[in-house]
Amino acid sequence: MKKFNIRKVLDGLKEASSSTPSVQVGPQENHLIQETLQSEHFQLCKTVRHGFPYQPSSMAFDPVQKILAIGTQSGALRLFGRPGVECYCQHESGAAVIQLQFLINEGALVSALADDSVHLWNLRQKRPAILHSLKFNRERITFCHLPFQSKWLYIGTERGNIHIVNVESFMLSGYVIMWNKAIELSSKAHPGPVVHISDNPMDEGKLIIGFESGIVVLWDLKSKKADYRYTYDEAIHSVAWHHEGKQFICSHSDGTLTIWNIRGQGKPIQTITPHGKQPKDGKKPEPCKPILKVEYKTTRNGEPFIILSGGLSYDTVGRRPCLTVMHGKSTAVLEMDYPIVDFLTLCETPYPNDFQEPYAVVVLLEKDLVVIDLAQNGYPIFENPYPLTIHESPVTCCEYFADCSVDLIPALYSVGSRQKRQGYSKKEWPISGGNWGQGTQSYPEIIITGHADGTVKFWDASAIMLQVLYKLKTAKVFDRNRSKEDKAGMDVSDEDPFAIQIMAWCPESRMLCVAGVSANVIMYRFSKLEVTTEVVQLLEVRMQYELNDIESPDGGGGGGEQTSALPTPGASPQTSGPPSHPSTSSNNSDGGNMPCLKVRSTPLKQSPGYQVDLVVQLVWVSGEPPQQITSLAINSSYGLVVFGNSNGLAVVDYIQKTVVLNLGTVELYGSNDPYQRQPRSPRKTRQPSGGLCDINEGSATSEDRCKSPTSGNMSWTTASFERQKNLQKSQIQSIRHSKRDVLFFPAKMSRKLSLPTELKPDLDEKCKPTNAMNCVLSVSYCPRIAGALPLCSLLTVLLSVCPPRGANPLDHRDNSFSRSRSSSVTSIDKEAREAISSFHFCETFARKGDSTLTHCLYVGTSLGTVLALALTLPPAGEQRQLQPVIISPTGMLVRLKRSILRIAVLDSTGSQLPPAYEPWYEPNATADGEDREKVRKRRPVSVSPSTSQDLNESHYAVVCSEKQAKIISLPSQTCIYKHSITETSFILRADVVQMSQGVCVACFCANGHIMTLSLPALRPLMDVNYLPLTDMRIARTFCFTNLGQAMYLCSPTEIQRITYSQDTCENLQEMLGELFTPVETPEAPNRGFFKGLFGGGAQSLDREELFGELAAGKASRSLAQHIPGPGGIEGMKGAASGVVGDLARARIALDERGQKLGELEERTAAMMASADSFSKHAHEMMLKCKDKKWYQF
């Protein structure tokens, strides 16, 4: 029968009532803290989007304003001016942008979408808006053309027709070019969709129309008929004019270019196959891939440029996409890294009837933007100043730091500037339009991105710009050429073994710590000096969760021949020469010590910047790969880095290069484990034959490289280790104390252990409570922590442990292994494993009722528990290098629903207590010891652990899980506030952030809500339904930072920054750059005396006369639907204010009235037409029946 537990019922009632913040004030404590943050301090809005436009589909350039526009397959529009001037817009429909056309120097842009809609964007405002839209109902748009300085837009369709739109009113003209009028009357086949439209540069009345099937028509707009038709066997992809208007060039699907005279109808005057092999017998060259686009640009003093994409021969398998530049007799083939989406040639003049003078080519690739300098030999590329390389390798994680130290960005820039490639064009970046914003937000911001190839990039994100500062390649630490045997064991992370999983950065000390997907942690120090590291420092750690039963106590002794690799007194602290890596022996056939990646053994030259200080690797245990690291934290003041996974946690002292602690999660609880964990049956197949087996930790050199510098001075007890080599490889992690206090203890324990009978008396002897056992030996590191320390040595040598105050001498009865708590809890099914989910270093009251502050490490788990560990650090200076760090558990602090995401500590005034840190110093300084010690003198901690604190002053621990938040008063450890953040969803990211008015908790929920809660009362301040979790990328990369800033990856290539600060939202308009700047349009080319006299110059055309309503009539209303945009009348309404506003409103009212009158007039005309039709039919009926007699009906 199931036991009834009244405590669980009460807990359930408490949890049920947690949907509103409930206050529980302790009897002698006053928690009335004046909160300064209010709801009006918060507002959510997008600020700016950085990065390469994801899945680009089209491109346009304004040659006068010098602005580039890129459209994407998701309907996004990205506009680029000078570096730092960027803009992002989005079409509501989300349909792909198939074409873009600037109204050159007008501050407007036309976009054509795959859903057959055309939109007019107003770029004269900081956030561009749509003025008009036109949605075609019966025809599909394939091509658009807007002549320079014209208000009439030609739209070609899939049916082969061309419609004309007035871009001012966005109304269709009644003038239509029908496909059946354009082609030969004798032609029986449909010519296919329109793939090109352009007017003759010298005669605006002549329009060239390219049909997909290979027919090109020169259409006379005035006479409404085709002047000439040009037919070719192969399909057409694009057409381009010579500036004189006498020739044009076509690109075809067989890789050929044909050049035509406009008056020569029969054959092209020239056919070129740029990449085709020319047969000697005069036959046609072999067909090549289609030439997707061609441009024909002339120069005043030289040969014209013919620039094309595609057209490679079919036998060039695996060749990269190419852009071909033909200039005179030279042909340059420029290979690209990605497929070409589109390209544009930038010319000196916007006039199509003048010498073009091309100076650059903008090439839009699937994942990059390349600008080629045509004016220099070799066609070098321009150095791209935009932050378009975010996705160079896929982003795997992000961190965001606002209001950093002012010297960080210059320091990172100085080392990053040396990494730049050489060989770029010397000229300035040609896309130089727009003006920067006038924002006053001046605090430094840094974004760090971790990537799949192991790179870490630092970005300057200040003032809503983004610029790469420095790039770190972590893969350099490892050997890249793996053997086949190694590759067989690489199933953990075969795709991207170097991928960055988590990053921890201390901006003050500039220490960087990264955890990789292959279960490695790399520590980096920042240095401005170059250094060569002879041997990369390596620590190998075994984090084991489950150990097997031992079937027979006698053991075959198979492992007995291997020596236990324990350090001996006097062992040298560091081996000379490169250490070798552990290799498995025949007896240890389960791959005992194999790391996932092999650390390089050759010297490593490290440039200025981040230089590797220490590599920690988790190795395979019992034939199983190590679990990926789930949490990571660093504290530069303590000199510690801590990481955890689903097996447990490990604390590494990176100053002494030792493992201080390596514990399973369940061992953190001591005897107070609140969870019921079911043991699993052992996996007998993993056990080598022979029952008892020892662990081969590898060669002595591998032990030595993990050894502490002080291992030669270790004080070991006189207990003999001779008979321990037959012990099982399991280890103790905790020993129950008779008073419920827990000692710490570096090792792991099996669920059941049978020892050889001859060892049992010896063990009992060793476990007696002697004086030697009561004093904890100061041993800074033993390599067996990371591996397997034999049981007896664990009892004789308690490592880095300080007994809790008031602890009684060890009771030998509690050393009975069969009664250890571990016997029932060390094995849990993988699904129920309790992973370490978060860490927080702080200085606070570690134990209940403490009156002094202690260095602490709070540990949060995936089951919602927060546990506290007290840290005892040696004094700074030389003693810190020699004496051990001592860690003692202080028990469980609090339990919440679901996984712990964030832990922070507030002081008695409600301000956040930042973790202690060490200021940065140059690690490679060559000064004397004393000088160097002055340089690296630690910042004094806020309150010394020995100082008494007024008992009235409390600290508050802020704990946020996936479901709720709690505020715990310290040292009383009572929960004073509790708030259930979400019932139906769960939180993906939570951060305690500093706003200009105070501190709050910011949360991003899986249902798309972004929330902020006050501290410490947890009052909801903001709750906005921002965006649902559509992609795990958002969950992986979303992060909040101080001063109301946040960011996430909205696509694989783009960073979206948002703000939840009212101040930033109000100042955003000033901070944004201006896209449109008033610029004089260049003068039209001089026609010259003779051309003016004999009419040889450009012929102008009064398009209004041709396409206007008077001449062409009205278009069919059912063909397309006009939709006023929010940037039109509605946008003007919002902008109008004051006297000017009154006038504007009056004008809007008139416009609206005129619009309504126009609609009424149209309806009246339709009714009159209907009445005329009825009258006509009635008259015809009357005439038909007039002469008939009655009997003829």
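Before I turn to the structure, one term: a residue is called buried when its relative accessible area is under 20%, exposed when that value is over 50%, and partly exposed in between, with a 1.4 Å probe and protein chains only. What we have here is a predicted model, in which local features need pLDDT of at least 70 and side-chain atom pairs count only at pLDDT 80 or more, while totals for chains, interfaces and linings use all residues. Residues are numbered from 1 along each chain as its sequence is written, and side-chain values use heavy atoms, with hydrogens and water left out.

Let me start with the chain as a whole. Of its 1193 residues, 56% are buried, and it has 18 helices and 62 strands, where helices (H or I, at least four residues) and strands (E, at least two) are DSSP runs numbered from the N terminus. Taking contact to mean heavy atoms within 4.5 Å, residues 24 or more positions apart account for 63% of the contacts with a separation of 6 or more.

Now to Arg 510, which sits in the loop between S34 and strand S35 (511-516). Is Arg 510 buried or exposed? Its relative accessibility is 5%, so Arg 510 counts as buried. Its side chain makes a polar contact with the side chain of Asp 407, at 3.3 Å; such a contact is a pair of N or O atoms within 3.5 Å, and within protein one must be able to donate a hydrogen and the other to accept it, with residues adjacent in sequence counting only if both atoms are side-chain atoms. Leaving aside neighbours within four places in sequence, Arg 510 also touches other residues, among them Leu 408, Ala 411, Trp 505 and Trp 920.

Leu 408 and Ala 411 bring us to helix H3, residues 408-416, where Leu 408, Ile 409, Ala 411, Leu 412, Val 415 and Gly 416 are buried. Seen down the axis of H3, these buried residues fall within an arc of 165 degrees (taken from the directions from the helix axis to the C-beta atoms), so they line one face of the helix. Their cover includes several strands, among them S31 (445-451), S34 (500-506) and S40 (609-618).

Next, strand S10, residues 129-136: 6 of its 8 residues are buried, so S10 is largely enclosed by the rest of the structure. Two strands pair if DSSP finds at least two bridges between them. Strand S9 (residues 117-122) is joined to S10 by 6 bridges and runs antiparallel to S10, and the two form a hairpin with 6 residues between them. In this pairing, His 119 stands opposite Ser 133. S10 is also joined, again in the antiparallel sense, to strand S62 (residues 1120-1124) by 5 bridges, with Leu 134 opposite His 1122.

S57 (residues 1009-1014) pairs with S58 over 5 bridges, and Thr 1012 stands opposite Met 1022.

Last, the cysteines: a disulfide is a pair of cysteine sulfur atoms within 2.5 Å, and a search of the whole structure finds 0 of them.
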